[in-house]
Amino acid sequence: MVGNIILYFVVALAIVIFSIMAVTTKKILRAATYLLFVLIGVAIFYFQLGYEFLGAIQVAVYAGGIMVLFVFAILLTHKPNANAAPLGSHRKIAGILASVIGGGLLLWALFTMPMLETSEGVRSLSDAIAGGPDISMKMIGRAFTGTEKYQYLLPFEAVSVLLLACIIGGVTVARKR
Amino acid sequence: MGVTLPILILALPFFMFLLLGIGGVKMSRKVAGILGILGMGTTMTLAYIVAFTYFFSGDPAFILDGVRQQFQVFDVTWLAFTEKLVVKIGFLLDPICAMMLVVITTISFMVHLYSWGYMEGERGFQRYYAFLSLFTFSMLGLVVATNIFQMYIFWELVGVSSFLLIGFFYRLPSAVSASKKAFIVTRFADLGFLLGILTLTYFTDTFNFVDMTSNPMNVLAETGGATFMGASVLTWAMVLIFTGGMGKSAMLPLHIWLPDAMEGPTPVSALIHAATMVVAGVYLVARMFPVYCVVDASMTFVTVVGAITAFYAAVVACTQIDIKRVLAFSTISQIAFMMVSLGVASTGGVGDGHHYTGLGYMAGMFHLFTHAMFKALLFLGAGALIHAVHSNDYTKMGGLRKYMPITHWTFLIGCLAIAGIPPFSGFFSKDEMLAAMFNNNWIWGAWMTMVAGLTAFYMFRLYYLIFWWEENPDYAHHKPHDAPWQMSVPLIFLAAVSCVAGFIPFGELVTWNGAPYHIHLEAPVACTSIIVALAAIALATKMYMKKNDLPTKFKNALPGLWTAAHRRFYWDEIYLFITHKIIFGCISKPIAWFDRHVIDATMDGFAKVTQKVSFAIRGMQSGNVQAYVLWYFFGALALAFITWICLL
Amino acid sequence: MDYSQFGAMLPELIILGIFLIVFLADTFSPENGKKFLTPMTTVLMLLATVAIWIVPSCGEAVFGGMYVDGPACKAMKCVLNVGAWICMLEAAKWVESDVMYYRKGEFYELILVTLFGMYLMISARHFLLFIIGLESASLPIAALVAYNKDKYESHEAAIKYIITAVFSSAILLTGLSFVYAFSGGSLYFSDIAVQITSGEMSGLLIFALTFVLAGIGFKLSLVPMHLWTADVYQGAPTSVTAYLSVVSKGAAAFAFFIIFVQVFGQVYSAAWEWMLYAVIIATITVGNLFAMRQKNMKRFMAFSSVSQAGYIMLGVMAANQLGMASMMFYILVYVVSNLGAFAVIQMIEDRTGLVSMDDYNGLHKTNPYLAVAMTLAMFSLAGIPPFAGFFSKILIFTSVTSHQNSMALYMLVLIALINTIISLYYYLLVVKAMWISADEPKIGAFKSGKCEKVALTVCVLGIVFLGLVSYVYKYFIDSVGAETLLALN
Amino acid sequence: MFGNILIWFVIIPVLMMAGLGLCRNSSMAAIRTVMVVGSTILLALAIWLCVDFLALRAAGNDAEMLFTGSWMWYAPLNIHLAVGVDGISVLMLMLSAIIVFAGTFASWKINPLPKNFFLWFALLSTGVFGFFISIDMFTMFMFYEVALIPMYLLIGVWGTGRKEYSAMKLTLMLMGGSAFLMLGLLGIYWHSAPEGGELTWNILEIAKNNAVDPSWQNLLFCFTFVGFGVLGAMFPFHTWSPDGHACAPTAVSMLHAGVLMKLGGYGCFRIAIYLLPAAANELAWIFIILTGISVVYGAFSACVQTDLKYINAYSSVSHCGMVLFALLMLNTTAMTGAILQMLSHGLMTALFFALIGMIYGRTHTRDIRQMGGLMQIMPYLGVCYMIAGFASLGLPGLSGFVAEMTIFFGAWEDSDLFHRVFVIAATCSIVITAVYILRVVGKLLLGKVQDEHHWQLTDATWFERLSTVTLIACIAGIGFFPNWINETIQHSFLPIVQAIQNAI
Amino acid sequence: MDLNILWYLVPSVVMFAAGVYGFVTRKNMIAMLVSLELILNSADLNFVIFNRFLFPDSMEGMVFSLFAIAIAAAETAVAIAIIINIYRAIGSTDIVETNKMKH
């Protein structure tokens, strides 16, 4: 319980700090690194929320796959310590405004959402975890291969087509001839 | 009477118009002239037959118990505005109409004949005859109208014929502008006429003359006592209708077109601007006479306008140099005479047995008849003079009596007739008119007697300046001579008529209600007018018979008056001011400017503003994709905000 | 585990089948033996269109309600398929060019995959499937946009497109996450439609709808999500631009309608009505205002298509059977009109490299048929009778005004109508350049290829007859009828 | 469907277009043949229709519309291709056929691209004929727009002067009007069945049910009236007219001023007034003010113009203003006058523009200050011009007089001060008209020849004569024998006036 | 005091805001992609949070997140391919370099 809270604070703080650093640091490779920390933080949240599989995927795909892609790309296009300085102050102010107003409004919206009026909305993490079944790999496996309601064979197949297309697209774009 | 003859009377001139107008280009002059004259001669014959039948056949349709009847020969629907307001084209035969048929066809025929000589060698000879036919057709249609709208139709048509004929010499700018002026001024007057018809028929629900005039009190009743600005609606209607007459008959202040109309060929002036068309106003008042009678105010209006015009025109006539202008002003003055005569005829009311009721009417019509004859004679004479000396100015004439005896004598007869010297026709008609005026109110009588004196004066001034005074030295190069027979015959004929027309028992034929009226000379009035006329002639003789410096002295004694009269009391300048400065300068030009620079500019402005906005917002598409994303994001927030606002 | 359910996805299967054939043929044929690719693909596409149209749809929800292929969906897919087919025909010449020679197989493959994605967008009745369809429809296009490797504009266009696309998909995902909060735990459309009612409005729902609108609106180039449009249209290869402007946009419009009317229909007046007012007015007006200044034909068409998107959205505003059918009809007409215009633009660009409106001056002297086709296309886009564009416009206005007591909707239509004047202005500018301008023509006479001829003929026939033959519209109405009811219940 | 005579009014121009499509661009003879044959058939058809119509009426067929036919088109929206004619439509068809016929000859030597010119010309005629035969608002509107758009190219390509600007302005303004119009029509459609009956676009059915919700009528009336009013050159939406007319080629000016502007007036009473009578009663005064201004304003503006076409364009503003003005008097007589005025103005303006085109074709100027005394050089054209002028200023015996008088007498039936004032103002226009017509005639035809080069010019050719004679014959025909037309029109107005009366 | 839904939402919103900021201010295209990942992760996290707290008995949100990760990967791949392509073409991955087409 308390451990959960402490873990939450640590991770939340890390996410907040590294998010901000990721978008403000001048070195692009650092930005990627901070992003990695954020992604791991998010993965920890997933674990904490009881979605271990998702957390694992997050680490594997994001931290493992996408980050590598980023690093490769950065190395391909930059010297490692290339400058990633933001733009002039106009754009910065606009960006700050956008993020503050957008974030503020979203916070306001989330804090006033109607679900908070209901008992489900305000239940604690432990209640929430207790309220649902444990997500087993078997369940996930069934869900991904089933064709009934709440089963996702079709999206699974569809996303494969998407990925294939992206491969073709990426190759077409990237190859020289 | 069958309908054939009346229809032919109308159709023949129209047919001649089409024939000569369309086929004229292919005809030789001679053929065209002969065709025109023959056509007109036939028409005249037919008109005579109809008129004589009407007056003398004794058919009960025409005369019943000694009272002449109004007889609609035919009346066919032309256009039905509403169920009741139906425009018909018809042929109404009654005393004034019959008289006018005679007058119009006679003069027209004479003019046709005369023109053969006068217009010889002019370009557009065929066209000229076509227009004459058109005019005759229109004028006949006007006088036979069974209803006020038919009259209006032909009223417009005579207007346009007049326009065409005044502008016959269309290569001359002065002729063009004169014709325009004539058309527009009369058109303006016709606007009044139209409004008058609208107002009147709104109440009467009929256009028909007989319906209106046989029961004039009904007309008054139908207006239901409606008034507008203090005067009864009927008064307004009749005054407005009279406005039309003022325009056509050149009453003050709408007279200005007539002197200028002398730019047309002289025979045209004789036909249209002396004998026939210009009396249309008189004819109109005579036609509507019973209705005028029930509203005194409108009659007074007619009288006053007539009296002022008569005097004004007479004064101006004394100072003009152009002989046709003198005759034109004389015409105005004489028509005004008729107007006054009609105006004074009613006073005393209808049906109260007043002795003189109707005398003015009869006299006016009588004068219309005689005036047509002698004024046409004078104009044709003037034409012969112009033909001889190739100028309109009397300064280019003088002493012509030796060179042109026929013209001289016939002109003299005309002058005597218009001056009111017995036994010429003018005397009789003028005497009746003056009698009517004196009987109405001595002021009118005295006033018009004075005008009669002025008439005698300026006519003899003209006569002497042309035929006596001093010979123009140019005659040596170019000896003036009498006109060819085609021109002389009409002169002699008309002179003869002017001599004898006074003895026609007019009262037996033409009266306002059809009942015969026995003319008897009013000795005091007659004597007065003769004395005044003779005195005026004597004065003219003194001043103008032999060349002397009396006229100059006279002119110098009253320089302001003379110049003002010579310049026709500046009416033309006033009109010019109104048309050019006010209508064109202060209305049309600003409106045209407004249209281009405000209305149109507004429309263009929409386009321009759109362009401007389009240009102004192009920064949105800055080319920087991050800016696009910002727009995207803020746009989404704004949409959320809009929704939130709208839901509040 | 009823795998026979895949049988219900006939259109998708057909497209995937073609995709596979092309893929295999492309991969396993010798380098110099790929001449058959173009004719094969186009013929297959034509057959596919006919097949999709003829074979009756099962009309039932499969995969637990995740996928529906009702008559309306089928009709929409037909429209898109026709569009894609014409695009391919128009591209035929370009595809055979030297730069493209080794990559034409990929070109067709990518087009087919995006088409597949669009089919999923239309048929999806679950947000997951929908988002996959959306991404399949938009990501490969980025690759297509970047196809002209030797042209800088193509790169710039590609980066602009992908940047905006990923951002908008991120926003869309965020929005969907909020929607999920309201969904009662299910992302099936039918479940959400029951859950989200106008009972209570909250900031979160507004954001959810706004972000979803923004996410889909990006594909439709609704203002203010439209800014990528012009640059991308200008920079992309013309065939891709054509494809983007009609097929991609059409699919997004259908999806938009389905999502907003069928899923969020209950909160129409409570949540997104005013949002859509603002978006439509802004889209039509801004698109028009920008279009009137453009000289580059592709850029010009881009802004014109922005404005057209606003008109398409009017069908959503109507939010009923008429609106849906009118929108479908509008898109079909838009497909033939826009592709007609693009066919001409592409042909001229291929032959001469000229894309400026000024280059079109006096076109009628050298290429009268092209000038006529372009004129008809412009008239149709401007909504001039008797061409199809007139009917599509008036029908969509009719559908909006069917809410006969809503003064606001009438005023919206009025604004749209007034905007048609501006649009008429700039469409006429093209006509003016071609017919009225007295300059010597810069574009010489040239012959068009077979495929281009077919494409142009189809477009012109469509422009002339689609409106006059009322059958098409009736077909749409009938096909929509059943399904709208099905989904809304 | 093809058994209905009215359909052929649309089919024939379409066939003409098809025929032209087959002609080679250079083959002037073939193009002319197609046009002459087509327009002659149309004219014959119009005459036949007219005779047939009168015969049916004489036989006692009192149906509101004759030769009706209705074929379902867009079933879901109940859109029909519904045709039918009453007396007014018959006359309008006649007018259109005459002007198309005359216009064909007036553009005998059109250059360049004769084929395209006549193609668009035929499309324009299709729209015009289609508009007049329609009794379904949708098809009516469709044909209305079909008639508008060819104007752009016709002016833009074959025009003179600032043609691009003018063509654009004309097109955009008219389309602006039709934007309002379209919304009005949609509103009428959606309010055409208040008690839940079947919605309809059919004018007769809507009128029969007197259906449109009164609370919506005012708005819709404004939309439809303004929409049609723009085409009727109503102040202040008239400014397309002077520029457009000035730049258009001869035949287009003829057709536009002669027929197209009539579409505005026709629509105003057939849709705005007939279908929305309550609003017409209530709001007429606003538009009376506007149209009254048009009448006087147009006439005054014409007084100071120097370009022949501008003069006639402003004159058209005045005369067409009179049409709308009369329609708004809402009584049979005045409305009859309005139709007469449409016919009259159509014919005489067409004649005017034809003549101006012919004169311009010879002198290459339309500035009256640079011309003069043309009567001596080309008497035939001069005489025709004068006849047109006389018709315009309302000379009895020509059509203008009949129309104007009917209008004035009808307008005078409303006896309140407001109407009186505006009617008097309108009547004043006849004087102003005389002023500007005579000004032109005086400067252009009479007086001295201004430019010595003009002496070499020739008079009209045979096709020009044919074109003008046709028009003059019609002008004089109406002027001489107006009553049968008058009765036909009055009869046709009965249901409309009845609707207005019922709505008071 | 116990962890409830709002606790988790706050970092998510911060990620979103930071992502937006970075996306519009970073010059480098790859840095923009980095920011984008933040936004995507925020959305994923939202799904998971809502799933856990509001609808714990189903797993729609979690599955959605799973797919979203796959989609994000695809997006990134294509984007990076294009970026590399641009780098080859113009020698820079600066976003401000690509603003030739405008207005």
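Select chain E: a compact globule of 103 residues would have a radius of gyration near 13 Å, but chain E has 17 Å (taken over C-alpha atoms; the globule rule is 2.2 Å times the number of residues to the power 0.38). The model is predicted: local features need pLDDT of at least 70, side-chain atom pairs count only at pLDDT 80 or more, and totals for chains, interfaces and linings use all residues. Residues are numbered from 1 along each chain as its sequence is written, while chains are lettered from A and ligands numbered from 1 in the order in which they are written.

**Chain E**

Stay on chain E and show the C-alpha trace, which spans about 55 × 25 × 25 Å along its principal axes. Switch to cartoon: chain E has three helices and zero strands, in the order α-α-α from the N terminus. Helices (H or I, at least four residues) and strands (E, at least two) are DSSP runs, numbered from the N terminus.

Of the 103 residues in chain E, 79% count as buried (20 or more other C-beta atoms within 10 Å of the residue's own, with C-beta atoms placed from the backbone). Among the contacts in chain E with a separation of 6 or more, 48% join residues 24 or more positions apart. Two residues are in contact if their C-beta atoms, placed from the backbone, lie within 7 Å.

**Chains A and E**

Of the eight pairs of chains in contact, A and E share the most contacts. Chain A contributes 78 residues and chain E 61 residues. On the chain A side, the elements giving two or more residues are α1 (2-24), α2 (28-48), α3 (52-77), α4 (89-111), α5 (125-131) and α7 (153-174). Colour α4(A), the source of the largest share of that side, 14 residues.

Now show chain D. Chain D does not touch chain E, their nearest C-alpha atoms being 25 Å apart; nor does chain D touch chain A, where the corresponding distance is 37 Å.

**Two helices of chain C**

Move to chain C and select α13 (residues 321-352) and α18 (residues 450-468), whose axes come within 9 Å and cross at roughly 145°. Axes are lines fitted to C-alpha atoms, for helices over the stretch in contact, and angles run from 0 to 180 degrees between N-to-C directions.

Show side chains where the helices meet: L332(C), V336(C) and A343(C) are among the residues of α13(C), and A455(C), C459(C) and I463(C) among those of α18(C).

Terms used. A residue is buried if 20 or more other C-beta atoms lie within 10 Å of its own, exposed if 12 or fewer, and partly exposed in between; C-beta atoms are placed from the backbone.
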